[in-house]
Amino acid sequence: MKIIFFSKEGDCGVTSNMSAISIAGILEYQMRILTLENHWCHDGIAQYLMYENRSKMVKEGEVYYLDHDFDVSLVLHFARRTKKRKTDIMTIEVIQNSLYYMPQNAYSKEVFDYEFYYNVIPRLIYLENAYEYIFIDTKNYTLNSRVLLDDADLVVVNLKQDYDEIKSFFTNYSSLAYKSLFLISDYQPNQSWTVTKIKNEFHIPKNRIIPIYHNQQFQNAILNGKVINYMYDNYTCDKTNPNYTFIREIKKATKMLVTMAQESKQSLEEQMNVNEK
């Protein structure tokens, strides 16, 4: 199942929210997830998840190559923290049997965009057979963004608590609303545009929108590449813990995502049965 984490404007917590939900999905639902970006960058998912002083659950430098029936046309991949190189798509096992990351496969934005569009996108079907969920950190300015959004099973839309930005999404991407989960990043309950007001104004079902509260400890974990440690350490915290509200909302967002994924899968299976008849 392809799940796109997306923001129209950028800098709306796409990578951080995706990282937190990935870990929550593993802890709560035993999900098997491949994470990757559709855009070239010097840091990102790898920077958040694979750094110094990682949890014991993280395996150092374990690399898996997906070379069945693949062309050798992809640019050389380089696995961070290893010296292994290969001319096929590869993934790094970050958490054993649960979380995987596909490293960047190019040395410039132009090369990455070309390779992703012509080599990775056509092979996403193969990747879906290898992984239960594919989480793609998606920027809207790349050659492949619209293709990914249209083809996605679900879209997790990351928005700021800003009316103009939210209105812009519904103006330009209204066709995606039916399969979207909305996360309001860095949520501040004392601002004028509350979740309730946003939900009512844009007719968003209550089970499709969730605030992700600002949490400084989580931000520090991002900066230090310790998101996994943070999530494992705080996942079961109680109401007296300053991280409780943030973790609670991440859990709710993950549950919403899983529910939507199950509904999407069921709908697809029903449609296939109708077509067979």
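Modeller: pLDDT is the predictor's confidence in each residue, from 0 to 100. Residues are numbered from 1 along each chain as its sequence is written, and side-chain values use heavy atoms, with hydrogens and water left out. The model is predicted, so local features need pLDDT of at least 70 and side-chain atom pairs count only at pLDDT 80 or more, while totals for chains, interfaces and linings use all residues.

The chain has a mean pLDDT of 83, and 83% of its residues reach 70 or more. Helices (H or I, at least four residues) and strands (E, at least two) are DSSP runs, numbered from the N terminus. Confidence in the chain is highest in β11, at 97, and lowest in strand β4 (residues 77–78), at a mean of 37. Over residues 52–87 pLDDT stays under 50, and the model has 106 contacts (heavy atoms within 4.5 Å) beyond four places in sequence for them. Where pLDDT is low, the predicted coordinates should not be read in detail.

Now the pocket. On a 1 Å grid over the protein atoms alone, a pocket is an open set of points with protein on both sides within 12 Å along at least five of seven lines, whereas a cavity is a set where a 1.4 Å probe fits but cannot get out; lining residues have an atom within 4 Å of a point. Grid points are joined across faces, edges and corners, and a volume is the space filled by probe spheres set on the points. The largest pocket holds about 370 Å³. Its lining has 20 residues, and D11, C12, G13, V14 and S16 lie nearest the centre. Eight of the lining residues are nonpolar, eight polar and four charged; here Ala, Val, Leu, Ile, Met, Phe, Trp, Tyr, Cys and Pro count as nonpolar, Asp, Glu, Lys and Arg as charged, and the others, Gly among them, as polar.

At least two lining residues come from each of α1 (14–29), β10 (180–187), β11 (209–213) and α8 (216–223). The most, four, come from α1. This helix has 16 residues and spans 21 Å from its first C-alpha to its last, close to the 22 Å expected at 1.5 Å a residue, the expected span being 1.5 Å times one less than the number of residues. Of the 16 residues in α1, 13 are buried; buried means under 20% relative accessible area, exposed over 50%, and partly exposed in between (1.4 Å probe, protein chains only).

Just after α1, Q30 takes a positive phi of about 55°, although Q30 is not a glycine. Q30 sits in the loop between α1 and β2 (33–37) and is exposed, at 59% relative accessible area.
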